[in-house]
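Biologist: I would like to learn how to read this structure. Please take me through it one feature at a time.

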Amino acid sequence: MDIVKGNMGWIEVIVGPMFSGKSEELIRRLRRAEYGKQRVQIFKPVIDQRYAKSGIVSHSGLEIPSELIGAGSEILERVAARTEVVGIDEAQFLGEGIVDACSRLAELGKRVIVAGLDTDFMGRPFEPMPRLLAVSEEITKLLAICMRCGNPAVHTQRLVASEELIVVGATGMYEARCRRCFEPQLAHQKIEEENKQATAPNLLRARAGSS
Ligand SMILES: [Zn+2]
């Protein structure tokens, strides 16, 4: 960030696919603020309870204490007046309210650092992150490494049979994939495979009965 004069706040957004190190980058910035004796508050959605009840935990095991919230708008009620830096992880799960909340905090003079997925398992823009990018002062787009071929990866590949927008999981359920290796229809294909397998025993039984 360039020199900021007076009591002005701003919004920094960290986006990228899973396994790109977004949480690590968020934690690094928040730790640095804490070393600088700045008052920090950290929030994350209640939906992301993998590994820990509270505390942002990245895949590499870095942890920093955080408060759990259900929606983005709750942040405004929970941020203390003297807080200088607000960190938010997994913002894609916090709904449209997060955009106004972040803007309001920045207007109040706070530095807001937000991390989240910018695209979903189909490769589509993951609201509200695109709107957050539009109103932010600074954007960091991180890439992962494609787990198929080793090229830079922008996509989060879902490996399990579900077409729900939100399926929280980690290693084994998702992979980072590059543009070339990304298979947006894979989740749908897995559902069809499962359906076929479910009906296969019935067919066998029907055949056995007819002979
Ligand atoms: Zn690849």
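Modeller: This is a predicted model. Strands of a sheet pair through backbone hydrogen bonds, either parallel or antiparallel. Here β2 and β5 run parallel and are joined by three bridges.

Biologist: Which strand does β2 join through four bridges?

Modeller: That strand is β6, residues 85-88, which runs parallel to β2, residues 40-45. V40 has V85 of β6 as its bridge partner.

Biologist: In what order do the six strands of the open sheet lie?

Modeller: The order is β5-β2-β6-β7-β1-β8, with parallel pairing. The edges are β5 (67-69) and β8 (138-141); each has a single partner strand, so one side of each has no neighbour in the sheet. From one strand to the next, the twist averages 20°.

Biologist: Which helices pack on the sheet?

Modeller: Helix α1 is one of them, touching β1 (10-15), β2, β6, β7 (111-116) and β8. The direction of α1 makes about 160° with that of β7. Helix α3, residues 97-107, also packs on the sheet and touches β1, β6 and β7. For α3, the angle with the direction of β7 is about 155°.

Biologist: Is β2 enclosed or open to the outside?

Modeller: Count its buried residues. Six of the six residues of β2 are buried, so the strand is largely enclosed by the rest of the structure. Both faces are covered: V40, I42 and K44 lie on one side, Q41, F43 and P45 on the other, and all are buried.

Biologist: Why does I42 count as buried?

Modeller: A residue is called buried when 20 or more other C-beta atoms lie within 10 Å of its own. I42, which is found in strand β2, has 20 C-beta neighbours inside 10 Å, so I42 counts as buried. I42 can also be placed relative to L30: the two are 12 residues apart along the chain, and their C-alpha atoms are separated by 8.5 Å.

Biologist: How should I read the sides of a helix?

Modeller: An α-helix has 3.6 residues a turn, so residues three or four places apart point the same way. Helix α1, residues 22-35, has 14 residues and reaches 20 Å from its first C-alpha to its last, close to the 20 Å expected. K22, S23, L26, I27 and L30 are the buried residues of α1. They cover an arc of only 125° around the axis, which puts them on the same side of α1.

Biologist: Which exposed residues does the face of α1 turned away from its buried side carry?

Modeller: That face carries R32 and Y35. Just after α1 comes K37, with a positive phi of about 65°.

Biologist: Which residues of α3 are buried?

Modeller: They are I98, V99, A101, C102, L105 and A106. Seen down the axis of α3, these buried residues fall within an arc of 165°, so they line one face of the helix. They pack against β1, α2 (74-78), β6, β7 and α4. Just after α3, G109 takes a positive phi of about 100°.

Biologist: How many residues does the largest nonpolar core have?

Modeller: It has 31 residues, and those with the most contacts inside it are L30, A91, I98, C102, V112, V114 and L132. Two or more residues each come from β1, α1, β2, β6, α3, β7 and α4 (129-135). The largest share, six residues, comes from α3. As for L132, its contacts include V13, A91, I98, V99, C102 and V114, leaving out residues up to four places away in sequence. There is also a second, separate core of 10 residues, among them M18, A144, V154 and F182.

Biologist: In which sense do β11 and β12 pair?

Modeller: Strand β11, residues 155-158, pairs with β12 in the antiparallel sense over four bridges. H155 stands opposite R177 in β12. In β12, residues 174-177, Y174 and A176 point one way, E175 and R177 point the other way, and all are buried.

Technical notes. Residues numbered from 1 in each chain as written. Predicted model: local features only at pLDDT ≥ 70, side-chain atom pairs only at ≥ 80, totals over all residues. Expected span 1.5 Å × (residues − 1). Buried ≥ 20, exposed ≤ 12 C-beta atoms within 10 Å, placed from the backbone. Arc of directions from axis to C-beta. Pairing = 2+ DSSP bridges. Axes fitted to C-alpha atoms, helices over the stretch in contact; angles between N-to-C directions. Contact = placed C-beta atoms within 7 Å. Core = buried A, V, L, I, M, F, W, Y, C linked by C-beta atoms within 7 Å.
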